[in-house]
Amino acid sequence: MKNGKRRIKALLAVLAICGMGGLTALPDGLVQADQQGSDKLRADIISIDAMQAYGTLSQPKVVFLHDKHTTALGKQKDLYKKECGTCHQSNKDGAMYLGFMRDDAPISGDKLRDVFHANCIGCHRDMTAAGQKTGPTDVQCKGCHNATPEESSNWQPLVVDKRLHYRHAATQEKADNKCGACHHVYDEAAGKTAAAAKPEQVPGSCTYCHGETTTVVSGRKPEKIRSLRLATHGECVTCHKATAATGKDVPTGPITCAGCHGPLDQKAIADTSMKKVAKDADLRIKRGQPDFAMVRPALAEKPALDAAGKPIKPYGMPPVPFDHKTHEAQNETCVSCHHAALTSCSEKCHTVAGAKEGGFVTLETAMHKVNAGQSCAGCHVTAQKRPECAGCHTSMKKGVGDVATCGSCHVKSDSLDAATAELMTKPADKSTATIAAGLAEKLLATKRTTTSTFPTDDIPDTVTIGSLSKDYEPSVLPHRKIVLSMLAGMKDSKLAGAFHATDAAVCQGCHHNSPATKTPPRCGNCHPAVESPVASPRPALKAAYHNQCMGCHVAMGIDGKVVDKVSGAKPVPAATDCTGCHKEKKK
Amino acid sequence: MKRRHFLGLLGAAGVTLSTGVSAKAASSADVKGLPNSFGVLFDASRCIGCRKCEAACNVVNELPQPAKPFDDLTVLDTVRRTDAKSYTIVNKYTPEAGKPPVFRKIQCNHCMEPACASACFVSAFKKSETGAVVYDASVCVGCRYCMVACPFGIPTYEYNKVLTPRVMKCTMCQPRILEGKLPGCVEACPKEALVFGKRRELLNIAWDRIGANAGRYVEHVYGEREMGGTNWLTIAPKPSFAAIGMDENLGTTSAPELTSGALAAVPAVAGIWPVLLTGLYAISKRKEKIAEAEKQEAVEQAIAKTSAEAAEKLAAELAKAEAASKRHTEAEVKKALEAAAKAPEGGEDA
C-alpha cells in the first residue's frame, strides 16, 4: 500500500513535470512559428486549385510548397538539367509559362488533372527509383490532397518602394532602354507592347493595366492582359534569374517565393536599401510630374446642363494649391494617391458631377472621403493615428468637420485672387501648368511649415485642478511640460505645421470646442461640477477631466510608461493609478 | 382559437371569478405607460476597472464589507458574478490578445418587462414607474423562481440567513432616484462610463456616440431590444458583446410575452375548476350528442342508400322477368298459333 502511494506520487510528479514542460514548450513553439524559415509558417505555399474552374473539387486542395521543390531541384543537378524547365514549359521565344507542365492554351478538366497526376507522381517515382527522398508516390489521395496541412502562410504582398525602385533604376543607368527594361506600353499600331525607354513614356504603375485577374479585351492584339501575378512573376523572376546567369556573383534579386514575399526577407531587402542608397540620393520617380500644382475641377468644353437644361453654376470653391514634391516624399509609391492612372483625377473619372468611369465618385468625395486611403482627408486621418497625433485627434471629428476648416486647403489670398480666378477659366494643360505651379507655390508660402505656439514664458508652467477636491488633494498638472512635449512630437511634420495654422491651434487639443485664444475659458464653464440626473452627451467636470487626461495617455500609448528622459522620472499615471495624479487626503 | 388564447381567456375568466386574489403576471401592458422611465447607459470603452462603482454601491445600499477591499484590483483577475453581498461587480475581459483589457459592469439590467416579476406569483417584484425593478421582501415566499427566470443570472439569495432570507439585486437606487439623486454607482464613476437619464434620451446619446466614433464601437445598443428591452443599456468597443461575456442570442421577445399566457392560466385554472370541469363535461356531452346525431344520420343515409340500391335492383330484376315472361308469352302464343295453324290439317282427322 505504501509502495502504491509512492508510485502514485512519482507518477503525479512525472505528469506534473511533463505538464509544465508542455506549458513552457508552447510559447517556444509560438515564438518559432513567428519566425520565417520555420517549416510551419511559409511564404511559398501554392494552393493547387486549378480544377475549381471545372466544378466543385472532389478532393481538398493540394498545398504545394514551391521553395521546397526548387531547393530539391538545386540539389539534384544531375537529375534535373533543365532546372525550371523540369516543371515549366517555355514558348518558342523562350518565355516560361507559369502553369505546371503546360502552355497557356485552353485545356479540359480531365486533361489538366492528368497533367498534375502524371507529372507530380511520375517525378516522385523517378526520384524514388534514383534512391532520393521525395514526395508521395502512391495512389493514396491524401498524401497530396491534405485538408489539414501543417503549414500556414505568412506571405506578404510585395511593394516596390522608392528605394527599391532607385536600386533597379541604377542598374539600367547606362542602358539606352533605361526604363524599358521593366516598363512597357501597349502599341496599338504594332499590336504588341513596346518598351517605354524614357521616364515620360512610362504609363505609371503596373497595376493600372495588370489587374487582379487576366483581362481579355476583344479586338485588341494581343487580346489578353496578364494578371499582375502572372506579369510580375513572368518578368521579375525571369530577369533575376537571367541576371544571375550572366556571371558569378552578379548582384541580382530573389528567385524564390520567400525571397520576395517572406516577412524576414522583405525586412532584409529594406535594410539593404537603406544601406545602399545614399542619403542625398534623388528618390523621386520622374513621370513628368510638377513640383507644385493646383487641384481643381477639369474645365468642361461645354458648360454642363442640369435636368431643366440650364447651365450648372460654376464650381464655387477656390482651387487647392498642392505641394506635389513634399507629398511624394511622404509616400512610397505613386499608387498611394494615383490609384488608377497618372492622369488628372478630375478629367474623366472624378468629375464635379460624378462619372461612370470614376464609379460616380464625385471630385468632392474623392478628395474628402475619410475612409478612403487615397483621398486627401483619408490619408491625413491615417496620419493622425500616429501616437504623437492620436492623443488629441482620437477624440476629434475626423476629416473636414466644420466649414471653418475649408480654408486650410482651399487657400485664399487677396493679392492672388485675380490670378486664381483667371486660371480657373483655362483648361489644365502644359500651357497653364507653369502658371498653376507658380500660383500654388505662392499660396502655400502663406502657410506655416512648422507647428508653433505662444512664447514659452506665456505658457502656464503648472495648472492646479482642485475645484472638485474631495477624497483626493488637488492635482497639479505639469502644463508647460505637456505643451512642449506635444510640440516636440510634431516638430518635423510639415503636415502638422500647415494645419495647426494659429498659435492657439495646439491648445485646442485639450481646450476644445471653445474660442481659440491665449486665455481659453475654464473647463467648468461648459462642464458642470455636479452630475445632473438629466442625461447629457457633454460630461460633467469630473468625467471631462478624467476622459481628457486618460484618453490622451492611452491613445499616445504612454499610460503607465516612463516617457521623460531625465533619470528618476516617474511614469505617466495609468488609468487606475489615482494617486499618480492626486494624492489621497489624509483622513 | 389558439391554445394560448384559449388558456388566456380562461385565465381572465378565472381572475374575475376568483375572490379578489390577483396573481397577474407582468405583461407588456405594464410598461406601455412608462415612456419617461429612467435608465443607465454603460459605455464599456470608457470603463477603466477602478471598482469605484462597486464601492459606492456597497455604501449607499449598506451592504456588508467584502473580504478584499475595493481598491484591490487583483480581484478583477477572477471572473465574478453578483452575490447577496454585492449588487454590482466589474469583470475584466481581454477580447484581443495583446490589446488593452475591456471592463464590464454587471448588475440588474432592469428589464422593461421583467422575467423575475412575471415568474413571481406573489408580486414581490414590480416594475416601478422610474424604470427600476423593485423587490418587496415582505411578500416574498423564498421560492427563488425569479433567480431561475432571470435571463442575465442577476438575483441572488441570502442563503446564510436562517429566518429572514431575502432575494438580493440592484434596485437602480430607487430611493435615491425618488429623491432626485443619481444612483450610487453613476455618481461615483470617474469617467462617466455610466450615464443616468431618461431611457429614450440615453438611446440617442448611445447612438450618437457610436456614430461619432466610426469603427470604435459595435454598432448595437445592448438592451435596446434584448428580452423586450432593458432600462440599463450597454455599448461596447469592437469586436463584440460576446467578447465581454454578454449573451448575444437572447432574442428580442420579453420573458413575460413568452410565458404570461400560460403562467396567468395557472391560478385561473384553480379558480374556475368547477367551471372548467363543467365546461369540459358539457363539451364532451355535446360531442357525444353530435356524435350520436351524426351516427343516426349516417345510418339513415346508409339505409336510404341500401334501399335505393335494392329498389333499383328489384326494378331491374322485374324488368328482366317481364322481358322473359314476355318472351315466354310470345313463344307460347307463337306455339299456340302454330298449333292452331296446324290444327285444321290434323284437326280434320281429329
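This is a predicted model: local features need pLDDT of at least 70, side-chain atom pairs count only at pLDDT 80 or more; totals for chains, interfaces and linings use all residues.
Colleague: OK, chain A then. Which loop holds Asp249(A)?

Modeller: Asp249(A) has a positive phi of about 60° although it is not a glycine. With a relative accessible area of 75%, Asp249(A) is exposed (exposed is over 50%, buried under 20%, partly exposed in between, with a 1.4 Å probe and protein chains only). Its loop is the one between H5 and helix H6 (257-261) of chain A.

Colleague: And Ser227(A), is that one buried or exposed?

Modeller: Ser227(A) is placed in the loop between strand E8 (224-225) and helix H5 (228-245) of chain A. Leaving aside neighbours within four places in sequence, Ser227(A) is in contact (heavy atoms within 4.5 Å) with His210(A), Gly211(A), Glu212(A), Thr213(A) and Thr214(A). Its relative accessible area is 6%, so Ser227(A) is buried.

Colleague: Which chain A residues lose the most area to chain B?

Modeller: The contact takes 20 residues from chain A and 21 residues from chain B. Between them the chains bury about 1600 Å², with 58% of that on carbon and sulfur atoms (buried area is the accessible area, 1.4 Å probe, that two parts lose on being put together, summed over both). Together accounting for 32% of what the chain A side buries, the residues are Pro533(A), Ala535(A) and Thr576(A).

Colleague: On to chain B. What percentage of its 350 residues is buried?

Modeller: Chain B has nine helices and nine strands. Of its contacts with a separation of 6 or more, 61% are between residues 24 or more positions apart. The buried part of the 350 residues is 39%.

Colleague: Which residues have the most contacts inside the largest nonpolar core, and which elements give it two or more residues?

Modeller: A nonpolar core is a set of buried Ala, Val, Leu, Ile, Met, Phe, Trp, Tyr and Cys residues joined through side-chain atoms within 4.5 Å. The largest has 42 residues, and those with the most contacts inside it are Phe42(B), Val186(B), Leu194(B), Phe196(B), Trp232(B) and Ile244(B). The elements giving two or more residues are strand E1 (38-43), H2, E2, E3, H6 and E8 of chain B.

Colleague: How many residues are in the other core?

Modeller: That core lies apart from the largest one, and among its residues are Val195(B), Ala206(B), Ile210(B) and Tyr217(B). The number is twelve.

Colleague: In what order do the three strands of the open sheet in chain B come?

Modeller: E1(B) runs antiparallel to E8(B), joined by five bridges, and Phe42(B) stands opposite Leu194(B); strands count as paired if DSSP finds at least two bridges between them. With strand E9 (residues 232-235) of chain B, E1(B) pairs in the parallel sense over four bridges, and there Val40(B) stands opposite Trp232(B). Five of the six residues of E1(B) are buried, so E1(B) is largely enclosed by the rest of the structure. The pairing is mixed, and the order is E8-E1-E9.

Colleague: Which strands of that sheet stand at the edges?

Modeller: An edge strand here has a single partner strand, so one side of it is left without a neighbour in the sheet. Those strands are E8 and E9 of chain B.

Colleague: What covers the buried residues of H2(B)?

Modeller: Helix H2 (residues 52-60) of chain B has Cys53(B), Glu54(B), Ala56(B), Cys57(B) and Asn58(B) buried. The cover includes strand E2 (89-93), strand E3 (102-106), helix H6 (184-188) and strand E8 (194-198) of chain B.

Colleague: Last one: what is omega for the cis peptide bond joining Lys238(B) and Pro239(B)?

Modeller: Most residues other than glycine have a negative phi, and most peptide bonds are trans. Pro239(B) lies in the loop between E9 and helix H8 (255-271) of chain B. For this cis bond, omega is about 15°.

Technical notes. Residues are numbered from 1 along each chain as its sequence is written. Chains are lettered from A and ligands numbered from 1 in the order in which they are written. Side-chain values use heavy atoms; hydrogens and water are left out.
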